[in-house]
Amino acid sequence: MKIFTATTPTEAHIICELLKSNLVSCEVRGEGIFGLQGEVPFGENSEPYVWLFDNDALPLAQDIIADYQQDPLGEQWQCDKCHERNEAQFGICWQCGATAPSIP
Ligand SMILES: [Zn+2]
């Protein structure tokens, strides 16, 4: 089932990785359409979203997403290599796999 609609592919990946790090099986979908935005009507169907494979994990997944949304710009670090922003709980960059710089 679709569990989260993101405004950017980055956000979709952050949520997806966040869920995976909690052993929730999911994937990002709808990214391919994102590049065509501007040609298709803006709306939920043109935005990337996170697809949950295991419906039993829904309550856990909702908790995780709620936590994320409470503090979306909280603890983050910027990748030295690709300058992507990553959530503090990730030890490596979701984008390029580089190791996180040491966080105080
Ligand atoms: Zn990176």
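Mentor: Two residues are in contact if their C-beta atoms, placed from the backbone, lie within 7 Å. By that rule Ala61 touches Ile3, Leu19, Val24 and Leu52, not counting residues up to four places away in sequence.

Trainee: What kind of model is this, and how are its residues numbered?

Mentor: This is a predicted model, in which local features need pLDDT of at least 70, side-chain atom pairs count only at pLDDT 80 or more, and totals for chains, interfaces and linings use all residues. Residues are numbered from 1 along each chain as its sequence is written.

Trainee: Where in the chain is confidence lowest, and where is it highest?

Mentor: pLDDT is the predictor's confidence in each residue, from 0 to 100. The chain has a mean pLDDT of 83, and 79% of its residues reach 70 or more. Confidence is lowest in helix α2 (residues 31-34), at a mean of 62, and highest in β3, at 95.

Trainee: How many helices and strands are there?

Mentor: The chain has three helices and five strands. Helices (H or I, at least four residues) and strands (E, at least two) are DSSP runs, numbered from the N terminus. The order from the N terminus on is β-α-β-α-β-α-β-β.

Trainee: Why is Ala61 called buried?

Mentor: A residue is buried if 20 or more other C-beta atoms lie within 10 Å of its own, exposed if 12 or fewer, and partly exposed in between, with the C-beta atoms placed from the backbone. Ala61 has 24 C-beta neighbours inside 10 Å, so Ala61 counts as buried. Ala61 is in helix α3. Over the chain of 104 residues, buried residues make up 17%.

Trainee: Is Leu23 buried or exposed, and how do you know?

Mentor: Leu23 has 9 other C-beta atoms within 10 Å, so Leu23 is exposed. Leu23 lies in the loop between α1 and β2 (26-29). Its phi is near 65°, a positive value in a residue other than glycine.

Trainee: What about His83: buried or exposed?

Mentor: His83 has 10 C-beta neighbours inside 10 Å, and therefore counts as exposed. His83 sits in the loop between β4 (76-78) and β5 (85-87). Phi of His83 is also positive, near 65°.

Trainee: What makes a group of residues a nonpolar core?

Mentor: A nonpolar core is a set of buried Ala, Val, Leu, Ile, Met, Phe, Trp, Tyr and Cys residues joined through C-beta atoms within 7 Å. The largest one here has 14 residues, and those with the most contacts inside it are Ile15, Cys16, Leu19, Cys26, Val50 and Leu52. Two or more residues each come from β1 (2-5), α1 (9-21) and β3 (49-52). The largest share, six residues, comes from α1. In soluble globular proteins, nonpolar side chains tend to be buried together.

Trainee: Which residues does Ile15 touch?

Mentor: Leaving out residues up to four places away in sequence, Ile15 touches Phe4, Ala6, Val50, Ile65 and Tyr68. The buried residues of α1 include Ile15 and Cys16. These buried residues of α1 pack against β1, β2, β3, α3 (58-70) and β5.

Trainee: What makes two strands a pair, in DSSP terms?

Mentor: Two strands pair if DSSP finds at least two bridges between them. Three bridges join β1 to β3, and four bridges join β2 and β3. These strands form an open sheet in the order β1-β3-β2, with antiparallel pairing.

Trainee: Why are β1 and β2 said to stand at the edges?

Mentor: Each has a single partner strand, so one side of each is left without a neighbour in the sheet.
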